[in-house]
Amino acid sequence: MACSRFEYVKTFEHDPPILPNCWFVVRLDGRAFTEFTARHGFEKPNDPRGLALMTRAAAAVVNKFNEIVLAFGESDEYSFLFRRDTTLWGRRMSKILTSVVSLFTAAYVFSWNDVFGRPRDGSDGGECGADESGAEGSRLQCCPSFDGRVVCYPSEQNVRDYFSWRQADCHVNNQYNTCFWSLVKAGESREQAYETLKGTHTAAKNELLYQRFGINYAKLPAIYRKGTIIIRDPAGRSGRRREQRTAQADGGCHEKDPPASAAATNGPPEEPSGGDEDAGRDKATYPGLWVLHEDLIGDRFWEAFPHILDPPAGKAAAKNKT
């Protein structure tokens, strides 16, 4: 940078570093996504295409930043866990936060047509996004945006509790939304559905879903109930795998929760067999990454993948360069 008498203005810059010797999470949330999803006709309560697009964007971030050891997503948010010993950009908070948010947003827009620019039935749709029947894909009509924050966690238990909190939030929100939109689709107004669910607890919501709509909440696809986990292949294999298939929200081919211990020893769980190609399913593959939908609250996952919080000596990922 050229020296000049105006250079003193640099002294006003304030870019504090992230606390040392702490894991830290960069969490992204969609801004005004209620309006955004309505404008683009997202299915309620869950749109498998929308979730697939979020995972594509998150995978792009994980692949770019070797310091990320775990990502977890639900609805319109994603959390990225950075290693405790991360030295990326001197741990400058604004540099890391803005880089993650901008890359995620760019990847979301970049991948939109691959996921939404085709008809809901999953067919190609041609150059204009329409098939022979005239069904159209959904073109991007306005700019999506995400905000973000950085939070430090000094202990392993803090990290685990953070992701337990986000997964519990995924369950609570999904159960409520499943009930709410089932009531609305059955003819209740949104105000009536809100009053019906007001003050209800988990057991009552499960009973409502089963008795009135024949829905066994525990049998809904795990991606909706537990969110999406992205980790690096613990064995460092370079092979490609397809993302676990998300089932149709209307009771199509449901995936089973994969045992974490089996995944740790035998590789990522196989895709469930049977069923036709679900509309909007993300067929992308992620080299060196596993995409899972399983429990983070108990011990099993963390015992199966100890490298997440305790990377072997000498195996830490290479540092990113500026």
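Mentor: Keep in mind that this is a predicted model. It has an open sheet of 6 strands in the order 4-1-3-2-5-6, with antiparallel pairing.

Trainee: Why are strand 4 and strand 6 said to stand at the edges?
Mentor: Strand 4 (146-153) and strand 6 (289-292) each have a single partner strand, so one side of each is left without a neighbour in the sheet. From one strand to the next, the twist averages 15°.

Trainee: How do you know that strand 1 and strand 3 pair?
Mentor: Pairing takes at least two bridges. Strand 1 (residues 23-30) and strand 3 (residues 77-82) are joined by 6 bridges, so they count as a pair, and they run antiparallel. One of the residues involved is R27, whose bridge partner in strand 3 is S79.

Trainee: What makes you say that helix 2 packs on the sheet?
Mentor: Contact means heavy atoms within 4.5 Å. Helix 2 (residues 48-64) touches strand 2 (68-74), strand 3, strand 4, strand 5 (228-232) and strand 6, so by that cut-off it packs on the sheet. The direction of helix 2 makes about 20° with that of strand 3.

Trainee: And which strands does helix 5 touch?
Mentor: Helix 5 (residues 156-185) packs on the sheet through strand 1, strand 2, strand 3 and strand 4, and its direction makes about 20° with that of strand 2.

Trainee: What share of the chain's residues is buried?
Mentor: Of the 322 residues, 44% are buried, meaning under 20% relative accessible area. In total, the chain has 10 helices and 6 strands.

Technical notes. Residues numbered from 1 in each chain as written. Predicted model: local features only at pLDDT ≥ 70, side-chain atom pairs only at ≥ 80, totals over all residues. Heavy atoms only, no water. Helix = DSSP H or I, 4+ residues; strand = E, 2+ residues; numbered from the N terminus. Axes fitted to C-alpha atoms, helices over the stretch in contact; angles between N-to-C directions. Buried < 20%, exposed > 50% of the residue type's maximum accessible area, 1.4 Å probe, protein only.
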